[in-house]
Amino acid sequence: MMHAARQALEYAARELGFSGVGVARADAHQGTTLQDWVAAGKHADMHWVERHLPARLNPQLVLPGAQRVIILTYEYARDDERRAAGRIARYAQGEDYHKLLAGKLADLDETLSFYGGTQRCFSDSGPVSERFFAQAAGLGWLGRNSLLNRPGKGSFCFLSSILTTLELPCDTPMPNRCGNCRRCEEACPTGALSNGVCDARRCLSYWTIEAKTEMPPDIAAVVGEHLYGCDACQEACPWNRPKAGETPRIDPHLLMPARLSTLPPEALAEMTEEQFNTFFAGSPIRRIGPEHLQRNIRELRHRNSS
């Protein structure tokens, strides 16, 4: 019965455009990495991480009776489609992935319910240690850039999770294949990476997206062209250079629209709040609001004029 449910899950996920499916035990031991990261203050002022820490470490607090954590991967663009000045992280160049994947996860929930399961589904939107479970589910390994790396596919993917009460067959974890490579650490503009741990207090993605305060001078000095997020560690990773013919198909909804590709930072800076919300409707960039984006543009201008 559970093998049939697993097969149905994989078939449905493939039809919905997911590139990978893995299953891990919900009670898999997560070690102390996350607690140590929070205790060291490396989550910066992302206080929700600390508030939801017990649930992240114990899926039973999210879904009582959870037996398995299903992790799914969904590819996003590897190529940077931004043609004007000001860089935008690949994951945010198209439509908001939360909304895009929510409907697909609802379909998978329905599939698993047919086999008697109760589920809770998330896509980077709930208290689930998705990267840990992705590794436990055999989808790849956590590289020195703290992201899921996959042979032949790299790290340019979204992670979604489904907690289920079904005892689906589990997968075998994959060994770490980073070896002695430290290109991601060397490429990080601020030195935020060390041995697979990202210190958000030094991460450009944190400062251009999450932070509520002005950038410290040493961070602003290296912000460069980054308007929203940073892909430096992914760009440097050899696993993100697929062989010919292995480039994954990308959902068109996740590609950058032409209007954003060519719009210069000056035009973005002049937008009113209403214009900003209209222009970025359906985009993950909308969540930071016009003031934060304009602050990032000021840093870019300051950097380019100095």
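A crossing of two helices is called left-handed if the near helix is turned anticlockwise from the far one by less than a right angle, and right-handed if clockwise. This is a predicted model, where local features need pLDDT of at least 70, side-chain atom pairs count only at pLDDT 80 or more, and totals for chains, interfaces and linings use all residues. Residues are numbered from 1 along each chain as its sequence is written, and side-chain values use heavy atoms, with hydrogens and water left out.

**Exercise 1.** Work out how helices H1 and H5 pack.

*Step 1.* Find H1 at residues 2-15 and H5 at residues 97-114; helices here are DSSP runs (H or I, at least four residues), numbered from the N terminus.

*Step 2.* Check the axes, which are lines fitted to C-alpha atoms over the stretch in contact, with angles from 0 to 180 degrees between N-to-C directions. They come within 10 Å and cross at roughly 160°.

*Step 3.* So H1 and H5 are roughly antiparallel to each other (angles over 145 degrees count as that).

*Step 4.* Now the handedness: H1 passes H5 in a right-handed crossing.

*Step 5.* Who touches whom (heavy atoms within 4.5 Å)? H1 brings Ala5, Ala8, Leu9, Ala12 and Ala13, while H5 brings Leu108, Thr111 and Leu112.

*Step 6.* Sort that contact by class: seven nonpolar, one polar and no charged (Ala, Val, Leu, Ile, Met, Phe, Trp, Tyr, Cys and Pro are nonpolar, Asp, Glu, Lys and Arg charged, and the others, Gly among them, polar).

**Exercise 2.** Sort the lining of the largest cavity by class.

*Step 1.* Pick out the lining, which includes Asp80, Arg87, His226 and Glu235 (a cavity is a set of points on a 1 Å grid over the protein atoms alone where a 1.4 Å probe fits but cannot get out, and lining residues have an atom within 4 Å of a point).

*Step 2.* Tally up: four nonpolar, two polar and five charged residues.

Conventions:
Helices (H or I, at least four residues) and strands (E, at least two) are DSSP runs, numbered from the N terminus. Angles under 35 degrees count as roughly parallel, over 145 as roughly antiparallel, 65 to 115 as roughly perpendicular and the rest as oblique. Contact means heavy atoms within 4.5 Å. On a 1 Å grid over the protein atoms alone, a cavity is a set of points where a 1.4 Å probe fits but cannot get out, and a pocket is an open set with protein on both sides within 12 Å along at least five of seven lines; lining residues have an atom within 4 Å of a point.
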